[in-house]
Amino acid sequence: MLSLTDESRITLVHGPQALVKTTVIATYVHFGISRGQRGIWLTAQSNVAVKNIAEKLSDSGFTNWKLIVSKDFHE
């Protein structure tokens with residue numbers, strides 16, 4: 001997850017609900033940005049998971065991000 005090489009840029013965080021996945025993701029974003037990483041893309045399997053990640057980042061003081069959703073999301 002913290003590697004700067006191109007060979008290991010994809011990381012999967014998986015586990016049951018109500019564990020620390022969202023906290024791990026937010027911590028990674030803060031650490032990655034502090035190390036100079038740019039272009040961090042986060043995806044999730046549900047709108048709720050995306051909302052939880054966005055809220056965790058915002059609550060931890062990181063607000064310099066964009067939320068991209070499909071056209072279907074708005075309908």
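**Two crossing helices**

Reader: Which way does helix 1 pass helix 2, in a left-handed or a right-handed crossing?

Author: Helix 1 passes helix 2 in a right-handed crossing, where right-handed means that the near helix is turned clockwise from the far one by less than a right angle, and left-handed that it is turned anticlockwise. This is a predicted model, in which local features need pLDDT of at least 70 and side-chain atom pairs count only at pLDDT 80 or more, while totals for chains, interfaces and linings use all residues. Residues are numbered from 1 along each chain as its sequence is written, and side-chain values use heavy atoms, with hydrogens and water left out.

Reader: OK, and how many helices and strands does the chain have?

Author: There are three helices and zero strands, counted as DSSP runs (H or I of at least four residues for helices, E of at least two for strands) and numbered from the N terminus.

Reader: Back to the pair, at what angle do the axes of helix 1 and helix 2 cross?

Author: The two axes come within 9 Å and cross at roughly 50°, with axes being lines fitted to C-alpha atoms over the stretch in contact and angles running from 0 to 180 degrees between N-to-C directions. Helix 1 and helix 2 are therefore oblique to each other, since angles under 35 degrees count as roughly parallel, over 145 as roughly antiparallel, 65 to 115 as roughly perpendicular and the rest as oblique.

Reader: Which residues meet there?

Author: From helix 1, Thr-22, Thr-23, Ile-25, Ala-26 and Val-29 meet Asn-52, Ile-53, Lys-56 and Leu-57 of helix 2, a contact being heavy atoms within 4.5 Å.

Reader: What makes up the largest nonpolar core?

Author: Seven residues do: Ile-25, Ala-26, Tyr-28, Val-29, Ile-53, Leu-57 and Phe-62. Helix 1 (21–34) and helix 2 (47–59) are the elements giving two or more residues to this core, and helix 1 has the largest share with four. Such a core is a set of buried Ala, Val, Leu, Ile, Met, Phe, Trp, Tyr and Cys residues joined through side-chain atoms within 4.5 Å.

Reader: New topic: is Ser-34 buried or exposed?

Author: Ser-34, which lies in helix 1, has a relative accessible area of 58% and so is exposed, because buried means under 20%, exposed over 50% and partly exposed in between (1.4 Å probe, protein chains only). The side chain of Ser-34 reaches the backbone oxygen of Phe-31 at 2.7 Å.

Reader: And where is Thr-43?

Author: Thr-43 sits in the loop between helix 1 and helix 2, and it counts as exposed at 71% relative accessibility.

Methods:
Polar contact = N/O pair within 3.5 Å; in protein donor to acceptor, adjacent residues only side chain to side chain.
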